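Okay, thanks everyone, let me put my model up. I'd like to talk through some charged contacts and then a bit of surface.

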Amino acid sequence: MKALMEKLEHLLELGGIKKDVTLLVLSGVAVLLSLFGVRPFPFDMAWVAILLCGVPIILEAIIGLITAFDIKADVLVSLALIASVAIGEDFAAGEVAFIMQLGALLEEITVARARAGIEKLVHLTPQTARVLQDGRETVLPAEQVRVGDVLRVLPGETVPVDGVITAGQTSIDQAVMTGESLPVDKAPGDEVSSGTVNQFGAFEMRASKVGEDSSIQRMICLVQSADAGKAKIVGLADRWATWIVVIALSAAALTWLITGEIIRAVTILVVFCPCALVLATPTAIMAAIGNATKHGFLVREGDALERLSRVKRVAFDKTGTLTYGTPEVVAVEAASPFDRETVYRLAAGAEQLSEHPLGKAIPRCWGKEHGQPLPQPAGFAMLPGRGVTAQVEGRALLAGNPQLLAEHGIPLAETPEAQRHREEGCTLTYVAVDGKFAGTIALSDTLREESAAMVAQLTGLGVRPVLLTGDHENAAKAIAGRLGIGEVRANCLPEDKLTAIGGYQDAGELVCMMGDGINDAPALKKAEVGIAMGGVGSDIAVDAADIALVDDEVKELPHLIALSRRMMTTIKVNMSFSMGLNFLAILLATTGILNPVVGALVHNAGSVLVIANSALLLKWRKK
């Protein structure tokens, strides 16, 4: 018997009856013909709808009962269909079957609309790439591009892989990845992402991430893992199905015994079909996922938004999450007789060939601040763990830590400002010129412009922020003070972050963790909800998280939390409305005001209203 049920289920899937628009159209026409008494064939045309739409419902109910003794919502629908046919209400049975399947179609339309913003990424995958080999241009499938290949991208073309521009200047439309409405100017040395569109000039680039590692492919992987069906609350109607069936059968039986009118009992079965209840949750979740996508979030777990709605604390990593994760020059202090510009220019000139992140930051920041070409260094040497030495403009220059200057017998003379920067957590590069101490350059990771406002909005939502960082205490407290975060845990190793999250949970606080690095992965997994920075974050962090922030715009986090709460409110409203409508319809059916036909129309109008209410989440934003 089980094998037979599996074959029936397989045939049902192959036929695609439930979701076939053509069959719904045929069924709808048949129901209308039945309504007006048109009989081109020697049977009621409602039977077309019963066979095309009703039989799949009955088969699925039977399969569930026999294979797993699973009483789902379709059991009650099947009872209503069979009862209507048994008393000769063919039109009512056909209408119920048609409207139930129409409700399923409407749900799919809502879901498809909600996910459209995500799934369009799949269609943006570049198919070909122009690869430059030995001076010749060859068009190859994009999946054949390898790291290190040099590519050419023409105006109007989609960037095939992630890489760095080596020649040419252009503007890139990054809306698909960052949501930016205006093109972003790009020049040699700038990074470009796959899936973005070249707007104006042609350019050449060197591939850095290809295949599954490219930005667009990573986003597609996240899309494919988004599944609202995992939400714990989605199966509520099916979990209640046993009680719904018992209540419906009891009410129908009592009505029949008391009134002696079986048509009233059948009407009760029709109006108590839990179609609206079944639609109440998944449509709201998928609409909320669609809204979140428009604001840069890819929800990987269907129940993540449900869990996020209960969160009362958000733990943040610092570097790359609340800050940009790249060092910037925040101050240049010169010692007499040198001036600031001289110290800055000579140090930047010497560091041009440095491979150290802090060394690279100095010429980069000089270029941003001055926009002038730097003098080229001669005799450059990099001393691991100490700094660099070079000849710049004919002057001997040292740039590095105090040990480097001590090795050359150069005493330090820090200014009070330099000491203050060090106490605030900045890293100091010490500069000497021609054997004399010339000054210091303070570098620090800079705050994202939106971080302070985002923290303030979280506080307004009743969510408490906490900073969990591996930085030393001075730097952590300085950043927290500027952001208005009252609780700070510094010098955190991965296990320390994990312990901190566990401590909050043991105290009954549900925590959301937001981070970007490999060291954040354990905490992201441990937290009630983990949110990874999808743009700058590591693959491991993204894999460990429930939600990925594609464009790293942390300012949207308060919207996501408010959206999750709104989603739960919508679900509760949907369920309350659907159950209330059912019980009202039972009273009307018991008194004979509703017949099976009108009852089906009233009940399924409620289903349409539930779907429409859920669809409002697609464009919702807290005022």
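So, which residue does R345 form a salt bridge with? The partner is E393, and the closest N and O atoms are 3.2 Å apart. By salt bridge I mean a side-chain nitrogen of Lys or Arg within 4 Å of a carboxyl oxygen of Asp or Glu. This pair links distant parts of the chain, 48 residues apart: R345 sits in helix α14, E393 in the loop between β14 (387-392) and β15 (395-400). Helices (H or I, at least four residues) and strands (E, at least two) are DSSP runs, numbered from the N terminus.

Quick caveats: this is a predicted model, so local features need pLDDT of at least 70, side-chain atom pairs count only at pLDDT 80 or more, and totals for chains, interfaces and linings use all residues. Residues are numbered from 1 along each chain as its sequence is written, and side-chain values use heavy atoms, with hydrogens and water left out.

Now R340. Its side chain meets E369 in a salt bridge at 3.3 Å, N to O. Again, distant parts of the chain get linked: R340 is in helix α14 (residues 340-350) and E369 in helix α15 (residues 357-370), 29 residues apart. R340 also has a salt bridge with E341, at 3.0 Å, N to O.

How many salt bridges does the structure hold? There are 23. Some form a network, linking R130, E137, R152, E157 and E204.

Last, L32, which is in helix α2 (residues 21-35). L32 is partly exposed, at 49% relative accessible area, where partly exposed lies between buried (under 20%) and exposed (over 50%), with a 1.4 Å probe and protein chains only.
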